[in-house]
Amino acid sequence: MIDAEWWEYDEAEELAEAVSGDIAYIIGQALEARGAAMIALPGGALAAPVLAELAGSDVEWRDVTILPTHDRLVAPTDAASITGQLARVFLPKKARVLPLAAGEADAQAAGRAADARIADLAWPLDAACLTVTADGGVAGIAPGADLEAAIAGPRARRAIGTSAGVTLTGPALLSARTVTLILSGKAERAIVETALKQGAASPLPIGRLLAELDMDIDIHWCA
């Protein structure tokens, strides 16, 4: 089992400040070492204050590429688009925000298009920030038929279509130099604690994903 270090906060704002500080530091290290950085970020309510705090960091955003960890099958201009959420926060900072979905109606076609679109980026990711759903899903990977292909598919494949939309694959996320998990509420914490104990035998996407991780992970949780 991987070594997971838990960081606990009373408020989402405290979590956001800590996580954004960590990611900003990682970006700064990447910029200093290679002149560019690439990160994957989630969307949604829990991520929103993290994104806002991160956007306010003293980072040279022109040299940063941002991908959503996953997205829905809607155009980036749609209110439900995670790419759209990221773009509204980071495009004004001059960061490069790349979509996983571009309005395709078919998930498999969208996955293939996304995979081709991001193939020539400077992999691996410098950081991947992940959230968990109430059913143990992670990064748009839900329990069910899509699990094996998304978690354990070919390492050369970096994006895949799922029943929920398009997601970065397990190998793409886990190749990141740093992987961070953010959670909210007792139910989500219980899910992750159970998944960590189950390891590779877990039926939950978060359990399977963490079992494949070959580094320690920081888990940031607020009540």
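**View 1. Helix 2 and helix 3 cross in a right-handed way.** In this predicted model, local features need pLDDT of at least 70 and side-chain atom pairs count only at pLDDT 80 or more, while totals for chains, interfaces and linings use all residues. Residues are numbered from 1 along each chain as its sequence is written, and side-chain values use heavy atoms, leaving out hydrogens and water. The helix 2 and helix 3 axes come within 9 Å and cross at roughly 30° (axes are lines fitted to C-alpha atoms over the stretch in contact, with angles from 0 to 180 degrees between N-to-C directions). These two helices are therefore roughly parallel to each other (angles under 35 degrees; over 145 is roughly antiparallel, 65 to 115 roughly perpendicular, and the rest oblique). Right-handed here means that the near helix is turned clockwise from the far one by less than a right angle. Look for Ala48, Leu51, Leu54 and Ala55 in helix 2, which meet Gln85, Leu86, Val89 and Phe90 in helix 3 (contact means heavy atoms within 4.5 Å). The residues of this contact split into 7 nonpolar, 1 polar and no charged (Ala, Val, Leu, Ile, Met, Phe, Trp, Tyr, Cys and Pro are nonpolar, Asp, Glu, Lys and Arg charged, the others, Gly among them, polar).

**View 2. Helix 1 meets helix 2.** Helix 1 goes past helix 2 in a right-handed crossing. On the helix 1 side you'll find Leu15, Ala16, Glu17, Val19, Ser20, Ile23, Ala24 and Ile27, and across from them Pro49, Val50, Glu53 and Leu54 of helix 2. Sorted by type, the residues of this contact come to 9 nonpolar, 1 polar and 2 charged.

**View 3. Helix 7 packs against helix 8.** Here residues 186-198 (helix 7) and residues 205-212 (helix 8) pack at an angle of about 50°, their axes 8 Å apart. That angle makes helix 7 oblique to helix 8. This crossing is right-handed. Ile191, Val192, Ala195 and Leu196 of helix 7 make the contact with Ile206, Gly207 and Leu210 of helix 8. The tally for this contact is 6 nonpolar, 1 polar and no charged.

**View 4. The largest pocket holds about 410 Å³ of space.** A pocket is an open set of points on a 1 Å grid over the protein atoms alone where a 1.4 Å probe fits, with protein on both sides within 12 Å along at least five of seven lines, and lining residues have an atom within 4 Å of a point. Grid points are joined across faces, edges and corners, and the volume is the space filled by probe spheres set on them. There are 28 lining residues, and His70, Arg72, Ile82, Thr131 and Thr133 lie nearest the centre. By type, the lining has 13 nonpolar, 11 polar and 4 charged residues.

**View 5. Two loops with backbone details to spot.** Tryptophan 123 and proline 124 are joined by a cis peptide bond, with omega about 10°. You'll find proline 124 in the loop between helix 4 (107-118) and strand 6 (127-131). Lysine 94 isn't a glycine, yet it has a positive phi of about 75°. Its place is the loop between helix 3 and strand 5 (96-97).

Conventions. Helices (H or I, at least four residues) and strands (E, at least two) are DSSP runs, numbered from the N terminus.
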